[in-house]
Amino acid sequence: MTTVALKDVTKVFADGTVAVDKINLDVNDGEFMVLLGPSGCGKSTVLRMVAGLEDPSSGAVLLDGELANDVQPRDRKIAMVFQDFALYPHMTVGENIAFPLRLAGVDPSPRDERVADVASALGIGDVLGRRPSQLSGGQRQRVAMGRAIVRRPGLFLMDEPLSNLDSGLRAELRAEISSLTRELGVTTIYVTHDQAEALTMADRVAIMRKGVLQDVGTPTQVYGRPATLYVAAFLGSPRMNLLEASVYVHLDRYVALRIGEQSLYLPWTDIRSRAVAHYHGERIVVGMRAEALTPVAPDAPGDVLRGRIRYLEHHGHESLAFLDIGATAIVVDEMGSRPEDADGGQRGRRRLGQVMQRLTGRGAAPG
Ligand code: ATP
């Protein structure tokens, strides 16, 4: 069993760069945690501090509840896979995978058995005699993984392990890594800047920006109820619509959201109306995902936002309509107009996306 806890961990490099700023994060036993964020946000530095390759400037790294700041990397029961694979070119696949076992003094017979098991789990049992130069990129990455897991580490750290592969292979290996780590029950921290990777693989995602942790939660939580405006704008494609609105509470019967020249009305029975009611008279940011918006005919009655279509974008499985609604542009998923989506009362409620935040609220501005 392995758990990881970061307590107020900060890393300031010698040149004054604050790469990681007071991060607190718990990774549970057997959990697949993804660190997600744009290039330079400090993901790799967090991973390297967990591995012991970098010392925190302040704060504590705990492994299985024990302070690990001064524990040498080799004593941390950790395996790490990087994007450049780093295989030994003069060794065969079998020798590469067996290498950590040889270092640990495991006898040849159990060693070969373990290598064969791992290779077969990774679908590379038939290339054990080849050298890395005779492998495809995907096979090389599987060998790197094999070498990392062969000692059955308590903790598996992966830093963008798929970024050098083409997109088809990435999707395939993504699924393999997920199922393999879960089968082994090994705690995993996986670094990526690719949100599709993060949302499909993770038990929980930790989103970073400029060294600061923005949000931690299951993919559904961070996508549906992002903690900050940054996360709201960062996750999802197309980006979430974020519109400024003024809030007016009408005698506890409904809440009006004034967006430009138009208004949307939330009945008091809609729990979101109470979430925003205490901002009466103030300006907030309303988040609406394209897939939560349903296009209707121009003369449709009721609670609608009216806009002029600027252009349509067809993506095969979906079509996006980009609209001007006065001062602001929004994007609507046209698939929402399918007749089977007409779900009565739900539709009106869905129309207003999931996120409402005070303009001056927690988190930084999107972008
Ligand atoms: P990427 O996805 O590009 O690898 P990242 O999110 O993993 O980025 P880090 O590699 O952790 O980011 O870097 C975080 C910040 O720390 C960056 O501004 C980087 O330039 C800086 N940094 C990293 N290593 C050092 C170092 N040894 N000395 C000074 N600054 C560093």
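User: Is E160 buried, exposed or partly exposed, and why?
Analyst: E160 counts as partly exposed, because it has 19 C-beta neighbours inside 10 Å. The cut-off for buried is 20 or more. Keep in mind that this is a predicted model.

User: Where does E160 sit?
Analyst: E160 is in the loop between β7 and α5. Its phi is near 45°, a positive value in a residue other than glycine.

User: And what about K210, what's its phi and where is it?
Analyst: Phi of K210 is near 45°, again positive in a residue that isn't glycine. You'll find K210 in the loop between β9 (204–209) and β10 (212–217). K210 counts as partly exposed because it has 16 C-beta neighbours inside 10 Å.

User: While we're on backbone geometry, which residues does the cis peptide bond join?
Analyst: S237 and P238, with omega at about 0°. P238 belongs to the loop between α8 (229–234) and β11 (241–250).

User: OK, zooming out. What does the chain look like overall?
Analyst: The secondary structure comes to ten helices and 18 strands. The C-alpha atoms fill a box of roughly 80 × 45 × 35 Å along the principal axes. Of the 367 residues, 37% count as buried.

User: How many of the contacts join residues at least 24 apart?
Analyst: 64%, taken among contacts between residues at least 6 apart in sequence.

User: Let's do helices. How many residues of α4 are buried?
Analyst: Ten of its 13 residues, so α4 is mostly covered. The buried ones are R140, Q141, R142, V143, A144, M145, G146, R147, A148 and I149.

User: What covers them?
Analyst: The cover over the buried residues of α4 includes β6 (78–81), α2 (93–103), α3 (108–121), β7 (155–159) and α5 (167–184).

User: What's the reach of α4 from first C-alpha to last, and what would you expect?
Analyst: Helix α4 covers residues 137–149 and reaches 19 Å, close to the 18 Å expected at 1.5 Å a residue.

User: α2 was in that cover. Which of its own residues are buried?
Analyst: V93, G94, N96, I97, A98 and L101. What covers the buried residues of α2 includes α3 and α4. Just after α2, G105 takes a positive phi of about 75°.

User: Switching to sheets. What's the order in the three-stranded one, and is the pairing parallel or antiparallel?
Analyst: The open sheet runs β15-β16-β17, with antiparallel pairing. β15 (308–314) and β17 (329–333) are the edge strands, each pairing on one side only. On average, neighbouring strands there are turned by 25° against each other, ignoring direction.

User: Remind me, what do strands pair through?
Analyst: Strands of a sheet pair through backbone hydrogen bonds, either parallel or antiparallel.

User: What's in the turn between β15 and β16?
Analyst: The two form a hairpin with four residues between them, and G316 in the turn has a positive phi of about 85°.

User: Does β15 lie covered or in the open, and why?
Analyst: Largely in the open, because the number of buried residues is zero out of the seven in β15.

User: Last topic, the ligand. Which residues come nearest?
Analyst: F13, A19, S39, S44 and T45 come nearest, out of 13 residues around the ligand.

Key: Residues are numbered from 1 along each chain as its sequence is written. This is a predicted model: local features need pLDDT of at least 70, side-chain atom pairs count only at pLDDT 80 or more; totals for chains, interfaces and linings use all residues. A residue is near a molecule or strand if its C-beta atom, placed from the backbone, lies within 6 Å of it. Two strands pair if DSSP finds at least two bridges between them. Axes are lines fitted to C-alpha atoms, for helices over the stretch in contact, and angles run from 0 to 180 degrees between N-to-C directions. The expected span of a helix is 1.5 Å times one less than its number of residues. A residue is buried if 20 or more other C-beta atoms lie within 10 Å of its own, exposed if 12 or fewer, and partly exposed in between; C-beta atoms are placed from the backbone. Two residues are in contact if their C-beta atoms, placed from the backbone, lie within 7 Å.
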